[in-house]
Amino acid sequence: YEEVRWPVEDLDPVDAIIAAMEAEGRTRSDFAALVGQSRATEVLKRRRALTLPMIRKVAAAWRVPERVLVKEYR
């Protein structure tokens, strides 16, 4: 019933990373430690796509499902 009445929209990969950061009290610095400072900034500003190694690191460290991180996004 809830899924029909209040559907939860799937997050794009960047939104999923931001949500994981907020949920666990992580900062952009924590994300930068995983993927590199310049790349973290570019990913969060949607100027660079996530690479497979980045996806693996985030999925392993923060328990964000890989299936969410591999989605296409603008």
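Author: The model is a predicted one. Two packed helices are described by the angle between their axes and the distance between the axes. Here, helix α3 (residues 28-35) and helix α4 (residues 37-44) have axes that come within 7 Å and cross at roughly 120 degrees. The crossing of α3 and α4 is right-handed.

On the side of α3, the contact is made by Arg28, Phe31, Ala32 and Val35, which meet Gln37, Arg39, Ala40, Val43 and Leu44 of α4. These contact residues comprise 6 nonpolar, 1 polar and 2 charged.

As for the salt bridges, the count comes to 5. One of them joins the side chains of Glu42 and Arg48 at 2.6 Å, N to O. Glu42 is partly exposed, with a relative accessible area of 28%, and Arg48 is likewise partly exposed, at 31%.

Another salt bridge, at 2.9 Å from N to O, pairs Arg46 with Asp15. Arg46 lies in the loop between α4 and α5 (52-62) and Asp15 in helix α2 (residues 13-24), so the pair ties together parts that are 31 residues apart in sequence. Arg46 has a relative accessible area of 24% and is partly exposed; Asp15, at 32%, is partly exposed. Asp12, Asp15 and Arg46 are linked in a network of salt bridges.

Methods:
Residues numbered from 1 in each chain as written. Predicted model: local features only at pLDDT ≥ 70, side-chain atom pairs only at ≥ 80, totals over all residues. Heavy atoms only, no water. Axes fitted to C-alpha atoms, helices over the stretch in contact; angles between N-to-C directions. Helix = DSSP H or I, 4+ residues; strand = E, 2+ residues; numbered from the N terminus. Left-handed = near helix turned anticlockwise from the far one by under 90°. Contact = heavy atoms within 4.5 Å. Nonpolar A, V, L, I, M, F, W, Y, C, P; charged D, E, K, R; others polar. Salt bridge = Lys/Arg side-chain N within 4 Å of Asp/Glu carboxyl O. Buried < 20%, exposed > 50% of the residue type's maximum accessible area, 1.4 Å probe, protein only.
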